Amino acid sequence: MKHLPKHLRPRWRYLAVGIEAWPDADLDRRGFQRALWYAAGNLLGDAGSADAGLELLSFSVADGEGEAVVRVRHGHVDESRAAVASVSEVDGDPIGIRVRGISGTVRACEERYMGRAVGQSVRRDVAFEDAERTAVVREDAYDVRTGSEYVGATAFDIE
Amino acid sequence: MYEAVHAYPDGDATVARHARTAARHGYDGLVIRTRAALESANDGGATTAADGDAIADEYDVDVVDAVEIDADDPTGASGAVGNCRPEHTVVCVAGGDAALNRYAVEEPRVDVLARPSAGAGGFNHVLAKAARDNGVHVEFDFGPVLRRSGGDRVRALSALRKLREIVTYYDAPHVVSANASSHLELRAPRELVAVGDRVGFDPEWVREGLRAWGSIATRNRERRSERFIEPGVRRGRYETER
């Protein structure tokens with residue numbers, strides 16, 4: 001199809017979104033997109049959700065930390081921010097989410113806000129609360145395995 | 001802006017991890033509602049009170065020690081408030097049933113009535129007036145709005161709306177929080193404002209609610225400091241130890 005004249009093309013804003021999860025979370029692109037649309041549908045309704053758009057352009061996650069670029073319609077950034085904030089889990093895995101910034105082009109969005117995360121994570125045995133436990137360590141963040149669950153800690157809490 | 005969280009052992013992240021995340025989200029401070037989280041390590045707490053200041057230095061986030069009293073009845077809550085008031089900067093009472101809500105708003109030693117509409121209780125004009133007169137802040141819990149869906153969320157939203165109408169009419173003080181129990185449940189202030197805006201809160205009003213935690217902490221720290229004698233009376237420059 002012939003593409004639209006410039007003044008009729010939709011204008012977009014690109015949200016740089018930071019994602020955090022427990023290290024054993026199994027996040028994928030489809031699941032995250034579904035969670036995003038689901039959250040928007042629930043918070044903004046079908047009409048508001050269609051207006052906002054919220055299309056996932058890029059997504060990368062490793063060992064519980066990741067980032068994504070979400071395309072939204074210009075003029076619906078506030079609604080989109082609210083919808084993004086109300087994503088609390090993806091396929092049953094709880095996630096933390098934050099809008100790092102907003103740009104008018106994908107390129108500016110990537111250059112300014114992306115690629116800063118995802119330091120290598122390592123598995124290590126640590127002493128937490130007087131017991132030896134395994135932890136997944138990323139920078140100074142320690143996700144310590146206690147029983148069947150993780151506890152979020154930092155270098156501070158490790159003896 | 002400040003946020004109030006549940007830390008390990010009550011929640012799934014330690015005080016330091018909350019502080020690290022809050023700093024990234026752009027908060028100025030963090031109110032730790034879990035009593036055990038900042039108590040000394042030999043009592044079984046995860047981090048020591050001295051660590052509170054160290055954490056604050058490390059992550060550049062103010063760490064406020066607080067307590068959330070979750071009692072079955074006003075008698076129990078009253079005893080706990082008496083015990084905790086001298087030791088903690090911020091004292092919250094978890095509301096829910098009618099008697100507890102009423103107790104909390106009528107007790108000037110309480111700073112915050114947390115989650116007033118969580119249980120069967122409810123909130124009315126009588127409680128709002130009492131809260132205003134006693135300076136008890138009413139908490140608006142955004143947790144269910146962020147983390148629930150369907151009927152639960154609808155009920156939480158309608159409770160929030162009712163609470164908002166009553167509290168704003170009587171101009172009772174308020175605080176806003178996402179009630180996070182792990183670093184994953186924390187949301188940045190702008191996100192909370194955006195969500196609030198969607199569900200009918202005035203953006204500036206939400207920001208005010210987030211700042212209120214900070215002003216409670218500042219006021220109480222001053223009251224607990226040695227220079228404070230009574231409201232309006234400070235120990236002067238020329239007074240010496242006797």
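How many bridges pair strand β3 (residues 62-69) of chain B with strand β4 (residues 90-94) of chain B, and in which sense? The pairing is parallel and runs over four bridges. The views below come from a predicted model, in which local features need pLDDT of at least 70, side-chain atom pairs count only at pLDDT 80 or more, and totals for chains, interfaces and linings use all residues. Residues are numbered from 1 along each chain as its sequence is written, while chains are lettered from A and ligands numbered from 1 in the order in which they are written.

**View 1. The parallel sheet of chain B.**
Seven strands make an open sheet in the order β1-β2-β3-β4-β5-β6-β7 of chain B, with parallel pairing. Strands are DSSP runs of E with at least two residues, helices are runs of H or I with at least four, and both are numbered from the N terminus. Two strands pair if DSSP finds at least two bridges between them. The edges are β1 (2-5) and β7 (174-177) of chain B, each pairing on one side only. On average, neighbouring strands of this sheet are turned by 30° against each other, direction ignored. Inside the sheet, B:Val67 has B:Val91 in β4(B) as its bridge partner.

**View 2. Chain B as a whole.**
Chain B holds 10 helices and nine strands. Its radius of gyration is 18 Å, close to the 18 Å that the globule rule gives for 242 residues, so chain B is as compact as a globular protein of that length. The radius is taken over C-alpha atoms, and the rule is 2.2 Å times the number of residues to the power 0.38. Along the principal axes, the C-alpha atoms of chain B fill a box of roughly 60 × 35 × 35 Å. Buried residues account for 51% of the 242 residues in chain B. A residue is buried if 20 or more other C-beta atoms lie within 10 Å of its own, exposed if 12 or fewer, and partly exposed in between, with C-beta atoms placed from the backbone. Of the contacts in chain B with a separation of 6 or more, 64% join residues 24 or more positions apart. Contact requires C-beta atoms, placed from the backbone, within 7 Å.

**View 3. Helices α4 and α5 of chain B.**
Two packed helices are described by the angle between their axes and the distance between the axes. Here α4 (residues 74-84) and α5 (residues 98-105) of chain B pack at about 35°, with axes 9 Å apart. Axes are lines fitted to C-alpha atoms, for helices over the stretch in contact, and angles run from 0 to 180 degrees between N-to-C directions. The crossing of α4(B) and α5(B) is right-handed: the near helix is turned clockwise from the far one by less than a right angle. B:Pro74, B:Ala77 and B:Ser78 in α4(B) meet B:Ala99, B:Leu100 and B:Tyr103 in α5(B). By class, the residues of this contact are five nonpolar, one polar and no charged. Nonpolar covers Ala, Val, Leu, Ile, Met, Phe, Trp, Tyr, Cys and Pro; charged covers Asp, Glu, Lys and Arg; the others, Gly among them, are polar.

**View 4. The antiparallel sheet of chain A.**
Five strands of chain A form an open sheet in the order β2-β3-β1-β5-β4, with antiparallel pairing. β2 and β4 (89-90) of chain A stand at the edges with a single partner strand each, so one side of each lacks a neighbour in the sheet. Two bridges join β4(A) to β5 (residues 93-103) of chain A. In β5(A), A:Pro94 is the bridge partner of A:Glu89. Helix α1 (residues 29-52) of chain A packs on the sheet and touches β2, β3 and β4 of chain A; its direction makes about 145° with that of β2(A).

**View 5. Strand β3 of chain A.**
Seven of the nine residues of β3 (residues 65-73) of chain A are buried, so this strand is largely enclosed by the rest of the structure. β1 (residues 12-21) of chain A pairs with β3(A) in the antiparallel sense over nine bridges. Seven bridges join β2 (residues 55-62) of chain A to β3(A), also antiparallel. A:Val69 in β3(A) is the bridge partner of A:Ala16, and A:Ser58 stands opposite A:Val69 too. The hairpin of β2(A) and β3(A) has two residues between the strands, and A:Asp63 there takes a positive phi near 50°.

**View 6. The contact of chains A and B.**
Chain B gives 29 residues and chain A gives 25 residues. On chain B, α1 (15-25), α3 (49-59), α7 (143-147) and α9 (189-198) each supply two or more residues. The largest share of that side, six residues, comes from α9(B). Its classes are 11 nonpolar, seven polar and 11 charged residues.

Conventions. Contact = placed C-beta atoms within 7 Å.
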